[in-house]
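Here's a quick walk through one model, strand by strand and then helix by helix. Have a look first.

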Amino acid sequence: MPATQTPVPSPLFGQARRLLGWQGYVAHLPTAWNPGKFAGKRGNGDVRIDDEDGTRMELRWEETNKTPDVARSIENFLKQLEKAAKKRGDEFSIDENAHTVSKGRKRKEQVTSFGWVGAPDAPASCGYGAAWSCPICNRVTFAHVIGHAGEKPGKIMRLAGEILTDMECHGEGGWDTWGAFDLQIEIPTEFELKSAQLLLNKIDISWERPRPNGLYGLGRRAERLRVMRFPVANVLLDGKSLVEWSDWNIQHKNKQLSLRDATPDEFNGHEGLLYRGPVKDLKQRAGVWIFDTIMRRRTPQGEVRVWECTDSNRLFALESEVSPVNAHVPSDVMDELACH
Ligand SMILES: [Zn+2]
Ligand SMILES: [Zn+2]
């Protein structure tokens, strides 16, 4: 079962916070900070967090097999920043007294703080962060909070300290928390991010667990989970019933599954619809059937749960295609998905 949801943390410098969950990382950020750009995978990638005035935070990670030299990596990182600043003709100095995260944080190794200060009126006036290596997720992480024009370096250092001290770099019990724009969902770690569309008005994130190699992969497709959130339900529905909207937007538009008509259901206390159906691709459908018969297993059909959250005035859809061993996953994900 997934871990229970993290309670909402106390405000940070008077600003409300909410959870950012990305590739195993969990941090509590001011509500105006949202993912602006992201790339890569769990092993190697980055995410940039923006607010209305520009970049606020950068998070980079890299998988390592041997013990990394974190202090050395920071030196290189700061050198790159310095070079870029000099090229632009900007001021740049390294803050040797930067202290954002204490050494000896649990399960983080070689925790090293860093900081730099640029021109006070530059759009990025300073930056404070920390890097560490983690023997559990085998990654080196760089996390970096950026000050905007006119912001005092001391304040940004404290802000970075507050955010980074609490930051986790991996999930627990085989589940990761993903969260952005106040959507929070628990997904098994084995599922890799496949695609994500994060807009203020629409969220669409897919995860995929690749088809296993060898015998168990025969007649099997990659397992998939997908969450979609549409805002302003009453405007989208525009007098239509949920089933009218959903038959067109969810059932008809589905590219992977040949969904039959929905049966009424209830999710999180809201009126909902459950669609089920096999894979559209007939060759793949036959493959699944043949190997299910030979191996006496029963691959669950694809499912889409659709519901209208009347409390948040949003429409949600959770799509799943899982193997027999993961048949419990869609309902576990539902149990932890708080839509309002
Ligand atoms: Zn970790
Ligand atoms: Zn709800």
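Strands here are DSSP runs of E, at least two residues long, helices are runs of H or I of at least four, and both are numbered from the N terminus. Inside that pairing, R305 has L318 of β18 as its bridge partner.

A note on ground rules: this is a predicted model, where local features need pLDDT of at least 70 and side-chain atom pairs count only at pLDDT 80 or more, while totals for chains, interfaces and linings use all residues. Residues are numbered from 1 along each chain as its sequence is written, with chains lettered from A and ligands numbered from 1 in the order in which they are written.

Zooming out, β17 and β18 belong to an open, antiparallel sheet of seven strands, ordered β12-β13-β14-β18-β17-β16-β15. Strands pair if DSSP finds at least two bridges between them. At the edges sit β12 (192-198) and β15 (263-267), each pairing on one side only.

Angles run from 0 to 180 degrees between N-to-C directions, using lines fitted to C-alpha atoms, for helices over the stretch in contact.

| Helix | Strands | Angle |
|---|---|---|
| α4 (residues 242-252) | β16 (270-277), β17, β18 | about 35° to β16 |
| α6 (residues 329-336) | β14 (223-230), β15, β17, β18 | about 155° with β18 |

Note on methods. Two residues are in contact if their C-beta atoms, placed from the backbone, lie within 7 Å.
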